[in-house]
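These notebook entries record what I looked up in one structure, in the order in which I looked. The sequence and the model come first.

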Amino acid sequence: MIAFDREGKTKLLKTLIEIPFGMIRDPDISFDGKRILFSMRNDKVDDYHIYEMNSDGSDLKQLTWGTELADVDPIYLPDGHIVFSSTRDLKYCHCNIHIQPNLFKMEEDGANIVQIGGGHLWEGQPSMMSDGRILYGRWEYVDRQFGPSFGLWTMYPDGT
């Protein structure tokens, strides 16, 4: 990977992980800068799962498992838990057959996955706010127009 410094000169950066036939998305860096969370699938037939590694690329760990589901958009919480979007609670878009994720929370090692979101459709792209709440996008059908309405919502890490 190549990047440019402030003077416009190129410098070589370290490749942390290579996945030639898959895809990596949704990176989030831990509060202390020592770990990175991300979603990854190893190839086009694999499902997305949550992975973590050290910021130097060492100690890659898969945190979520399952088939025919997608775990994406992971973020660290200050207490060590992880919030992510998942299709574990199967929901379909009302106007077509797209599967929609909701928000879930798990312990830092992937244990005790619980659903904290309760939307009828998509909930995703969570972000930590400075007051401890989670800011996320939510898709709801409304009668104001033809089509969906995407809004920003907040919740506490316990789902309230």
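**Entry 1: the chain as a whole.** I began with burial, where a residue is buried under 20% relative accessible area, exposed over 50% and partly exposed in between, with a 1.4 Å probe and protein chains only. By that rule, 36% of the 160 residues of the chain count as buried. I note that this is a predicted model, in which local features need pLDDT of at least 70, side-chain atom pairs count only at pLDDT 80 or more, and totals for chains, interfaces and linings use all residues. Residues are numbered from 1 along each chain as its sequence is written, and side-chain values use heavy atoms, with hydrogens and water left out.

I then looked up the accessible surface, computed by the Shrake-Rupley method with a 1.4 Å probe. The surface of the chain comes to about 9800 Å², and 54% of this belongs to carbon and sulfur atoms. For contacts, I took heavy atoms within 4.5 Å. Among contacts between residues at least 6 apart in sequence, 29% join residues at least 24 apart.

**Entry 2: the elements.** I listed the helices (DSSP runs of H or I, at least four residues) and the strands (DSSP runs of E, at least two), numbered from the N terminus. I found zero helices and 13 strands in the chain.

Entry 3: Two strands pair if DSSP finds at least two bridges between them. I recorded an open sheet of four strands in the order 3-4-5-6, with antiparallel pairing. Strand 3 (23-29) and strand 6 (61-62) stand at the edges with a single partner strand each, so one side of each is left without a neighbour in the sheet. Strand 5 (residues 49-54) is joined to strand 6 by two bridges. Glu52 has Lys61 of strand 6 as its bridge partner.

Entry 4: I followed the pairing onward along the chain. Strand 7 (residues 71-76) and strand 8 (residues 82-92) run antiparallel and are joined by four bridges. In one of these, Asp71 has Ser86 as its partner. The two strands form a hairpin with five residues between them, and Gly80 in the turn has a positive phi of about 100°.

Strand 8 also pairs with strand 9 (residues 99-106), in the antiparallel sense and over seven bridges. I noted that Lys91 is bridged to Gln100, and Val83 to Lys105. Strand 9 pairs in turn with strand 10 (residues 114-115), antiparallel and over two bridges. Here Lys105 has Val114 as its bridge partner.

How many of the eight residues of strand 9 are buried? I found seven, so strand 9 is largely enclosed by the rest of the structure.

**Entry 5: Tyr136.** I looked up Tyr136, which is found in strand 12 (residues 134-141). Tyr136 counts as buried because its relative accessibility is 3%. Leaving aside neighbours within four places in sequence, its contacts include Leu103, Glu123, Gln125, Pro126, Trp153 and Met155. Gly151 is also among the contacts of Tyr136; the C-alpha atoms of these two residues, 15 residues apart along the chain, are separated by 8.4 Å.

Entry 6: Most residues other than glycine have a negative phi. I therefore recorded two residues with a positive value. Gln125, in strand 11 (residues 123-128), has a phi near 55°. Gln125 counts as exposed because its relative accessibility is 56%. Glu68, in the loop between strand 6 and strand 7, has a positive phi of about 55°. Glu68 counts as exposed because its relative accessibility is 76%.

**Entry 7: the second largest pocket.** Which residues line the second largest pocket? I found Glu68 among them, together with Arg41, Asp46, Asp47, Tyr48, Leu69, Ala70, Val72, Thr87, Ile99 and Pro101. A pocket here is an open set of points on a 1 Å grid over the protein atoms alone, where a 1.4 Å probe fits, with protein on both sides within 12 Å along at least five of seven lines; lining residues have an atom within 4 Å of a point. The space in this pocket is about 160 Å³, a volume being the space filled by probe spheres set on the points, which are joined across faces, edges and corners.

By class, I recorded six nonpolar, one polar and four charged lining residues. Ala, Val, Leu, Ile, Met, Phe, Trp, Tyr, Cys and Pro count as nonpolar, Asp, Glu, Lys and Arg as charged, and the others, Gly among them, as polar.
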